[in-house]
Amino acid sequence: MELYDVSEFWKFDLRVGLVRKAEKLRRTKKLIKLDVDFGTERRTVITGIADQYSPKELEGRKFIFVLNLKPKEFSGVKSEGMLIVAETEDGRVYLLPVPEEIPEGAKVW
């Protein structure tokens, strides 16, 4: 495992976001388009977990997202962040929900 100085960690902007809407992207097996509310702004985030979770399992829930990544296009839709999940060696993905009382946009560190 490579080790990094803590200053590298602080480069990432991790925030709590509320998934307002989620929908499977057509013609894809794993992609879900999320409309995420960060309190002061809303963003589109594409996540590749549709093989393990349905869009309905994500809507109305809060999760942690990385916001300061370069936008990337997936199946013609621009993603403006990344959902943080846990993954085991066998490829099982686990959602990391945030308690309801934590406001959208709260910084995570």
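Buried residues have under 20% relative accessible area and exposed ones over 50%, with partly exposed in between (1.4 Å probe, protein chains only). The model is predicted, so that local features need pLDDT of at least 70 and side-chain atom pairs count only at pLDDT 80 or more, while totals for chains, interfaces and linings use all residues. Residues are numbered from 1 along each chain as its sequence is written, and side-chain values use heavy atoms, with hydrogens and water left out.

**View 1. Phe9 in helix 1.** Phe9 lies in helix 1, which covers residues 6–9; helices (H or I, at least four residues) and strands (E, at least two) are DSSP runs, numbered from the N terminus. Phe9 counts as partly exposed because its relative accessibility is 39%.

**View 2. Strand 4 and its neighbours.** Of the 5 residues in strand 4 (residues 62–66), 4 are buried, which leaves the strand mostly covered. Strand 4 pairs with strand 1 (residues 14–24) in the antiparallel sense over 5 bridges, where pairing requires that DSSP find at least two bridges between two strands. Within strand 4, Lys62 is the bridge partner of Leu18. Strand 7 (residues 82–83) also runs antiparallel to strand 4, joined by 2 bridges, and Leu83 in strand 7 stands opposite Phe65.

**View 3. The chain as a whole.** The chain contains 1 helix and 10 strands. Along its principal axes the C-alpha trace spans about 40 × 35 × 25 Å, and 33% of the 109 residues count as buried.
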